[in-house]
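Thanks, everyone; please bring up the model, and I will talk through a few of its features in turn.

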Amino acid sequence: MNPQIFVIEDVPEIANLVSIYLSKAHMDAKTFGTAEDALETLKTSPLPDLIILDLNLPGMSGFDFLEKFRIEYKTTVPVVIVSARDADEDIIKGLGFGADEFVTKPFSPRVLVARVQANLRRQAVTEAAAEETISFGDYTLLLNSCVLKQGAVKIPLSTKEYSVLEYMVKHAGEALSPEKIYADVWKAQYGDITAVAVYVQRLRKKIEKDPSNPVYLKTVFGLGYCFAKEALIYDKKTTGTDA
C-alpha cells in the first residue's frame with residue numbers, strides 16, 4: 001500500500017505539482033485548499049502517513065491547523081511545512097507547534113519528495129523501535145501511531161473507528177453499554193448513541209471473517225458489547241518488516 005500524503009495548499013498549481021511528483025515516487029496524495037477541509041476529512045478517514053502544510057491558508061492558518069492537529073490527534077505523523085514565510089520566528093514557531101521540517105518556497109519538487117521520503121523512513125524506524133502494541137488474531141493495534149495492521153498491511157480505519165476499537169480492546173472482557181462507550185469515546189454524556197452500533201458494525205465488517213457471527217466484537221444481549229479478552233496478546237513489539 002502506497003504511503004498516504006495530505007497536501008494542504010491553497011494554490012492549485014502548487015498542490016497539483018506536488019501531487020504529480022509524489023505519485024511518481026509511488027505515494028498517494030490527497031489535496032486540500034483549506035485547513036478546515038483537511039480537518040473535516042480527518043473525522044472520517046484514517047490518519048495519513050505524512051502531511052505537507054502551507055502556512056498562509058484562507059480561514060484557519062497552517063499554524064492553527066498544526067496546533068489543533070497535534071493536540072487533538074496526539075499522533076507522531078510527520079508534518080512538513082512548505083511556506084514562503086522564511087523568517088526565523090516563523091520557522092521556530094512551526095517547529096515548536098510540532099512540525100518535523102520547514103521547507104521554504106520556491107522549492108524543488110524533487111527535493112521536497114526526497115525530504116518526504118526521509119521523514120517517512122525516520123517515522124518507520126521510530127515506530128518499529130518504540131511502538132506499544134496489542135495483538136489479537138493476526139491483527140495488531142499500534143497504540144502510539146493509532147494504526148491497525150493485519151500482518152504488515154494497514155487496515156483503513158477512520159479516527160473514530162480506531163478510537164472505538166482501541167477503547168473496546170483496552171476494556172476486553174467487560175460488558176460495555178452503548179451509553180458508556182459513547183460517553184467515554186465521544187466524550188459526551190448526551191447524543192445519538194445509535195452511533196455506537198453503527199461503528200461496531202463497521203468494525204466487524206473490517207476485522208471479522210463473518211460479521212454476523214463475530215469472534216472479537218461480541219454482543220452481550222441486554223448489556224451491550226464485549227471484546228473477547230481471550231483473543232488478546234499484550235505488549236508485542238513490532239519489527240522492521242511490520243512498520
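Let me begin with a convention: two strands pair if DSSP finds at least two bridges between them, and strands (E, at least two residues) and helices (H or I, at least four) are DSSP runs, numbered from the N terminus. This is a predicted model, in which local features need pLDDT of at least 70 and side-chain atom pairs count only at pLDDT 80 or more, while totals for chains, interfaces and linings use all residues. Residues are numbered from 1 along each chain as its sequence is written, and side-chain values use heavy atoms, with hydrogens and water left out.

On that basis, strand β10 (residues 217–220) runs antiparallel to strand β11 (residues 224–227), with 4 bridges joining them, and L217 stands opposite F227 in β11. The two strands form a hairpin with 3 residues between them, and G222 in the turn has a positive phi of about 85°.

Turning to helix α6 (residues 159–170), we find E166 there. Is E166 buried or exposed? E166 counts as buried because its relative accessibility is 17%, where buried means under 20% relative accessible area, with a 1.4 Å probe and protein chains only. Leaving aside residues up to four places away in sequence, E166 touches L141 and L143, contact meaning heavy atoms within 4.5 Å.

Methods. Buried < 20%, exposed > 50% of the residue type's maximum accessible area, 1.4 Å probe, protein only.
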